[in-house]
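Subject: Structure handover

Hello,

Here is the structure for you to look at. My notes follow below it.

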Amino acid sequence: MRMILVGPPGAGKGTQAARLITLLDIPHISTGDMLRAAVKEGTELGKQADAFMKRGDLVPDDVVIGMVIERISMEDCGSGMMLDGFPRTRPQAEALGVALEQAGLALDSVVLIEVPDGSIVSRIVGRRSDPKTGRIYHLEFDPPAEDVVDRLVQRKDDTREACVARLRKYHSETAPIIPFYDALGILRRVDGVGSPDEVTERVRAALKV
Ligand code: AP5
């Protein structure tokens with residue numbers, strides 16, 4: 001299966017991706033994770049991306065498109081992939097379409113996880129992740145066990161200010177790709193409010209898996 005997870009910051013894309021990739025046996029390609037890894041490693045790409053990410057801006061299309069096209073042409077994406085956080089702009093969606101078409105491939109589904117703006121800030125500022133396992137927690141909604149809590153880290157862009165900027169970008173730049181995929185007949189809308197288990201069931205029903 002070739003699919004995309006889309007939704008506002010903090011909608012639960014990463015949380016749902018972690019549950020679904022085992023079931024679907026496809027690689028999880030998160031542009032946010034790839035960019036954070038590049039920043040951490042101090043690569044040229046990471047240096048370019050860092051300032052944009054910290055202030056909640058999108059990294060320029062040409063940087064992200066090149067990174068993703070290279071990644072999805074790798075062998076492990078031969079039988080499918082789950083894109084998370086890409087595409088995020090209309091030019092990214094178009095570039096992905098061209099790359100897949102040139103490879104004789106097509107997208108199966110685009111899952112939109114819908115969460116109202118009013119719930120986003122609390123999800124973002126309470127998020128913590130475990131650098132050892134990659135597991136995402138929430139201090140209130142998905143609390144960590146006591147033995148891991150001391151090693152948890154908070155993302156640099158998980159401040160209230162950056163979150164508001166990211167949400168604004170989502171509405172101005174990313175929301176316009178939704179009608180694009182709707183017109184192709186592959187958009188599946190999923191209510192992202194409820195427990196992570198409930199949301200997983202809804203995504204599975206939408207994908208029929
Ligand atoms: P990215 O890492 O993609 O961030 P995002 O899209 O803003 O999404 P998040 O990772 O913040 O949230 P999520 O939906 O994965 O939610 P999660 O499951 O963690 O991108 C970061 C930055 O990189 C961008 O701002 C941009 O600068 C750059 N970038 C990335 N891709 C780019 C691109 N294509 N083009 C240009 N720039 C790009 O959940 C959030 C919290 O809520 C967690 O604490 C979780 O435990 C909790 N939670 C999850 N589900 C539920 C639930 N059902 N109920 C209650 N709490 C829940």
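I start with a pair of helices. Helix α2 (residues 31–41) and helix α3 (residues 44–54) have axes that come within 8 Å and cross at roughly 115 degrees. Angles of 65 to 115 degrees count as roughly perpendicular, so α2 is roughly perpendicular to α3. The α2 and α3 crossing is left-handed. On the α2 side, the contact uses G32, L35, R36, A38 and V39. On the α3 side, it uses L45, G46, A49, D50 and M53. Sorted by class, the α2 contact with α3 has 6 nonpolar, 2 polar and 2 charged residues.

Please keep in mind that this is a predicted model.

**The ligand**

An N or O atom in the R36 side chain is 3.0 Å from an oxygen atom of the ligand. How many residues surround the ligand? There are 36, and the closest are T15, D57, R88, R127 and R166. D57 uses its backbone: an N or O atom there lies 2.6 Å from a ligand oxygen atom. V59 also uses a backbone N or O atom, which lies 3.0 Å from a nitrogen atom of the ligand.

**Helices α1 and α9**

T15 is among the residues closest to the ligand. T15 is also part of a helix contact, on the α1 side. The helices there are α1 (residues 13–24) and α9 (residues 196–207). Their axes come within 10 Å and cross at roughly 50 degrees. Why are they called oblique? Angles under 35 degrees count as roughly parallel, and 65 to 115 as roughly perpendicular. The angle here is roughly 50 degrees, so α1 and α9 are oblique to each other. Their crossing is right-handed. From α1, the contact takes T15, Q16, R19, L20 and L23. From α9, it takes P196, D197, V199, T200, V203 and R204. By class, the α1 contact with α9 comes to 5 nonpolar, 3 polar and 3 charged residues.

**Helices α4 and α5**

Next is helix α4 (residues 61–72) with α5. The axes come within 10 Å and cross at roughly 30 degrees. Angles under 35 degrees count as roughly parallel, so α4 is roughly parallel to α5. The crossing of α4 past α5 is right-handed. In α4, the contact residues are D61, V64, I65, I69 and I72. In α5, they are P91, Q92, A95, L96, A99 and L100. This contact of α4 with α5 has 9 nonpolar residues, 1 polar and 1 charged.

**Two backbone points**

Two loops deserve a look on screen. The first point is a peptide bond. From F86 to P87 the bond is cis, with omega near 0 degrees. P87 sits in the loop between β3 (81–84) and α5 (90–102).

Is its phi positive or negative? Phi of D25 is positive, near 55 degrees, and the residue is not glycine. Where is D25 placed? D25 is in the loop between α1 and β2 (28–30).

Best wishes

Notes. Residues are numbered from 1 along each chain as its sequence is written. This is a predicted model: local features need pLDDT of at least 70, side-chain atom pairs count only at pLDDT 80 or more; totals for chains, interfaces and linings use all residues. Side-chain values use heavy atoms; hydrogens and water are left out. Axes are lines fitted to C-alpha atoms, for helices over the stretch in contact, and angles run from 0 to 180 degrees between N-to-C directions. Helices (H or I, at least four residues) and strands (E, at least two) are DSSP runs, numbered from the N terminus. Angles under 35 degrees count as roughly parallel, over 145 as roughly antiparallel, 65 to 115 as roughly perpendicular and the rest as oblique. A crossing is left-handed if the near helix is turned anticlockwise from the far one by less than a right angle, and right-handed if clockwise. Contact means heavy atoms within 4.5 Å. Ala, Val, Leu, Ile, Met, Phe, Trp, Tyr, Cys and Pro count as nonpolar, Asp, Glu, Lys and Arg as charged, and the others, Gly among them, as polar. A residue is near a molecule or strand if one of its heavy atoms lies within 4 Å of it. A polar contact is a pair of N or O atoms within 3.5 Å; within protein, one must be able to donate a hydrogen and the other to accept it, and residues adjacent in sequence count only if both atoms are side-chain atoms.
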